[in-house]
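Dear colleague,

I am passing on to you the structure that follows, and below it I have set out what was found when going through it. Please read the notes with the model open beside them.

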Amino acid sequence: MAITQISLPLPVLPEGWSAPNDFKAIGTLSTPNQRNLEPVGPHFLAHARRKRHKRSFSEDERIQAQEHVKKVEDDDGDNISEPEDPLMLGRDAKDWKGQDHYAVLGLSKHRYRATDSQIKRAHRKKVLRHHPDKRAASGSSEDDSFFKCIQKAFEILTDPVKRRQYDSVDENANVDPPSKKAASKSPSAFYKLWGPVFESEARFSKIRPVPMLGNDKSSKDEVEEFYNFWFNFQSWRSFEYQDEDVPDDNENRDQKRHVERKNNNARKKKKTEDTARLRQLVDDCLAGDERIKKFRQEARAGKDKKRLDREAEEKRIADEAKKAKEEQERLLKEKEEAEKAEKAEGKKAKEAAKNAAKKNKRVLKGSVKDANYLLPEGEAAPAKRIDEVLGDVDAVMAKIDNEELASLAGKLGGLKLAEEVGGVWKEEVKRLEGQGKLKAGELKILGS
């Protein structure tokens, strides 16, 4: 490096200067020494960098900030680096309750396991990348909405109480239980798939340590301890984070109390639903646990025959009762169908008899009409005669049943002469009088 010598003589005293009256010299100037000065320090380096690259102050600051962000990202990339979702970058900061705070800070893989150090480092990294001043310097038109999301996530996750409330409802940290088919593919699949489920649920336990699922070599005591613990699981989980916001104003106290009651009821309901969900989860795991089946087989080795016999007897009795009930139902159904068919046939026969009776009555009335109302052929029947004959026919038909009606119609069928028709009617009237159904002289024409 070239050395530049600069002469720095002592300043010349102003003309007309004189020392104060009480001035006393306390020493003399030392002999001057020659020293070589080299330009060093951050400000000189910044000046040299700007001169070398021909940058302005603002341009150099922007480029330096970008390089600093990249350096921070490279330092933390192994622990807390993950791609940013474009949809997440466009979130509305007002909807902070609906955002995934861990995803906002890039801690999706850590979640409730994230340490305070990781949260602070992740926050620093996000701030360096999305600070409004950095964005403005880089010429980005992005607003500060996502930066507010970052600040809110940091506020929630660094407050122990708020973080616990958020972890209580963080569904993204849950591990879905496996299907029965997936868990039964192999002996190891059951423990491999169900183990993480209980490790995830264990974060809500009030009691520590939490017994884990184990493996196929776990003892009977260990397995029983596991299921006893989870069937009586004591969860600290709460749902305050999902509460409806309570009004802060003191004027509307009734509304405030109403919202608080509503939130309390909602928490209780969610707590009950979560308890039922966990109980069902444990039941499903128990149902597919081959160790339980093995222990039960070992425990009831000497009792199987008696139990099976009892179950077989109970099954036999149940089957017989079922068959008897089915037979009774079948017979009842057949009886009902038979009665229904009989009723239908009866109705049909009754209807047929009714139609036959109408037809026979028409035959009876037609017979006297065809016989010129029992007058000689060619003689016109007066209206009175017609009424009297038809009245006598109606009187006879009223005294006989359908069978007698059919018999009389059969006798009259095909007869046209007055003497023949009148003879049949006289025999019928005589028969009815003999049975006491008609009185002598009751009829005007047919009985004479």
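Arg431 forms a salt bridge with Glu428 (a salt bridge being a side-chain nitrogen of Lys or Arg within 4 Å of a carboxyl oxygen of Asp or Glu), and the closest N and O atoms of this pair are 2.4 Å apart. Because Arg431 and Glu428 are three residues apart in helix 17, about one helical turn separates them; helices here are DSSP runs of H or I with at least four residues, strands are runs of E with at least two, and both are numbered from the N terminus. Glu428 counts as buried, at 5% relative accessibility, whereas Arg431 is partly exposed, with a relative accessible area of 28%. In these terms buried means under 20% relative accessible area, exposed means over 50%, and partly exposed lies in between, with a 1.4 Å probe and protein chains only.

Before going further, please keep in mind that this is a predicted model, in which local features need pLDDT of at least 70 and side-chain atom pairs count only at pLDDT 80 or more, while totals for chains, interfaces and linings use all residues. Residues are numbered from 1 along each chain as its sequence is written, and side-chain values use heavy atoms, with hydrogens and water left out.

Arg431 also forms a salt bridge with Glu404, where the closest N and O atoms are 3.3 Å apart. Glu404 lies in helix 16 (residues 402-412) and Arg431 in helix 17 (residues 418-434), so this pair ties together parts that are 27 residues apart in sequence. Glu404 itself is buried, with a relative accessible area of 17%.

The structure holds 29 salt bridges, and a further one joins Arg279 to Asp283, with 3.7 Å between the closest N and O atoms. Both Arg279 and Asp283 lie in helix 12 (residues 253-288), four residues apart, which is about one turn of the helix. Arg279 counts as partly exposed at 43% relative accessibility, and Asp283 likewise counts as partly exposed, at 30%. There is also a network of salt bridges, in which Glu171, Glu201, Arg237, Asp274 and Arg277 are linked.

Turning to the loops, Asp170 is placed in the loop between helix 8 (160-168) and helix 9 (180-183), and is buried, with a relative accessible area of 3%. Leaving aside residues up to four places away in sequence, Asp170 touches Tyr102, Arg111 and Arg203, a contact meaning heavy atoms within 4.5 Å. Arg111, one of these partners of Asp170, is found in the loop between helix 4 (101-104) and helix 5 (116-130). Arg111 is buried as well, with a relative accessible area of 8%, and has a positive phi of about 50° although it is not a glycine.

A positive phi in a residue other than glycine is also found at Lys54, where the value is near 55°. Lys54 has its place in the loop between helix 1 (42-53) and helix 2 (57-80), and is exposed, with a relative accessible area of 75%.

The loop between helix 10 (187-201) and helix 11 holds Asn215, and Pro209 lies in that loop between helix 10 and helix 11 too. The peptide bond leading from Arg208 to Pro209 is cis, with omega near -5°. Asn215 is partly exposed, with a relative accessible area of 38%, and touches Tyr191 and Arg291, not counting residues up to four places away in sequence. From Asn215 to Lys358 there are 143 residues in sequence and 91 Å in space, C-alpha to C-alpha.

Helix 11 (residues 220-231) contains Glu224, which counts as partly exposed at 37% relative accessibility. Together with Asp221, Glu222 and Glu225, Glu224 forms a negative surface patch.For such a patch, residues must have over 30% relative accessible area and no salt bridge, and like charges are joined within 9 Å, while nonpolar side chains (Val, Leu, Ile, Met, Phe, Trp, Tyr) are joined within 5 Å. Asp and Glu count as negative and Lys and Arg as positive, with His and the chain ends not counted, and the place of a charge is taken as NZ of Lys, CZ of Arg, CG of Asp or CD of Glu. Accessible areas come from the Shrake-Rupley method with a 1.4 Å probe, and for residues only the protein chains shown count as cover.

With kind regards
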